[in-house]
Amino acid sequence: LHLVESGGGLVQPGGSLRLSCDAAKFSMDLFIIGWFRQAPGKEREEVSCISASGGGTTYADSVKGRFTIRREHARDTVYLQMNNLKPEDAGVYYCAARNGPFYNSVDSCKPADYDNWGQGTQVFVSS
């Protein structure tokens, strides 16, 4: 499974971006997919995860109410819609996959429990 992120860029505070995570070579249909981010000098942290079915989601407290994760099985893509962006949201955003035990829920959204990391897409939030 090879994941590819896209959609990053520069946005002003309060702006929006939509990140995409696409699967190359093999389908990610049966995997939990997570979005994570890493700011300079900081550890990689969880942002949001979605179950294989798409029916179960988790969000970090810092992004609840602003970010939305969803997946489109027909496109084999997972999206992260980011609204009302803040400077502290800046960093490299990665998607990764987890072969979890449940189809309809996320059992873990910890970076250490994920594999098949993409190369990342950079998000800048600045005026």
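The questions and answers below concern an aromatic cluster and the strands around it in a predicted model.

Residues are numbered from 1 along each chain as its sequence is written, and side-chain values use heavy atoms, with hydrogens and water left out. Because the model is predicted, local features need pLDDT of at least 70 and side-chain atom pairs count only at pLDDT 80 or more, while totals for chains, interfaces and linings use all residues.

Me: How many aromatic pairs does a search of the whole structure find?
Reply: Rings of Phe, Tyr and Trp (its six-membered ring) pair if their centres lie within 6.5 Å; planes under 30 degrees apart count as stacked, over 60 as edge-to-face and the rest as tilted. Ring pairs join Phe 36, Tyr 94, Tyr 114 and Trp 117 into a cluster. The number of aromatic pairs found in the whole structure is three.

Me: What kind of pair do the rings of Phe 36 and Tyr 114 form?
Reply: The ring centres of Phe 36 and Tyr 114 are 5.0 Å apart. Their planes stand at 65 degrees, so the pair is edge-to-face.

Me: How many residues apart in sequence are the parts that Phe 36 and Tyr 114 tie together?
Reply: Strands are DSSP runs (E, at least two residues), numbered from the N terminus. Phe 36 lies in strand S4 (residues 32-38), and Tyr 114 lies in the loop between strand S9 (91-98) and strand S10 (121-125). The parts tied together are therefore apart in sequence by 78 residues.

Me: What kind of pair do Phe 36 and Trp 117 form?
Reply: The ring centres of Phe 36 and Trp 117 lie 4.9 Å apart. Their planes are at 50 degrees, so the pair is tilted.

Me: Is Trp 117 buried, partly exposed or exposed?
Reply: Buried means under 20% relative accessible area, exposed over 50%, and partly exposed in between (1.4 Å probe, protein chains only). Phe 36, at 0%, is buried. Trp 117 has 27% relative accessibility, so Trp 117 counts as partly exposed.

Me: Which residue lies over the face of Tyr 94?
Reply: A charge sits over a ring if NZ of Lys or CZ of Arg is within 6 Å of the ring centre and within 35 degrees of the ring normal. Over the face of Trp 117, at 4.5 Å from the ring centre, lies Arg 44. Over the face of Tyr 94, at 3.9 Å from the ring centre, lies Arg 44.

Me: In which sense do S4 and S9 pair?
Reply: Two strands pair if DSSP finds at least two bridges between them. Gly 34 has Ala 96 in S9 as its bridge partner. Over seven bridges, the sense in which S4 and S9 pair is antiparallel.

How values were computed. Helices (H or I, at least four residues) and strands (E, at least two) are DSSP runs, numbered from the N terminus.
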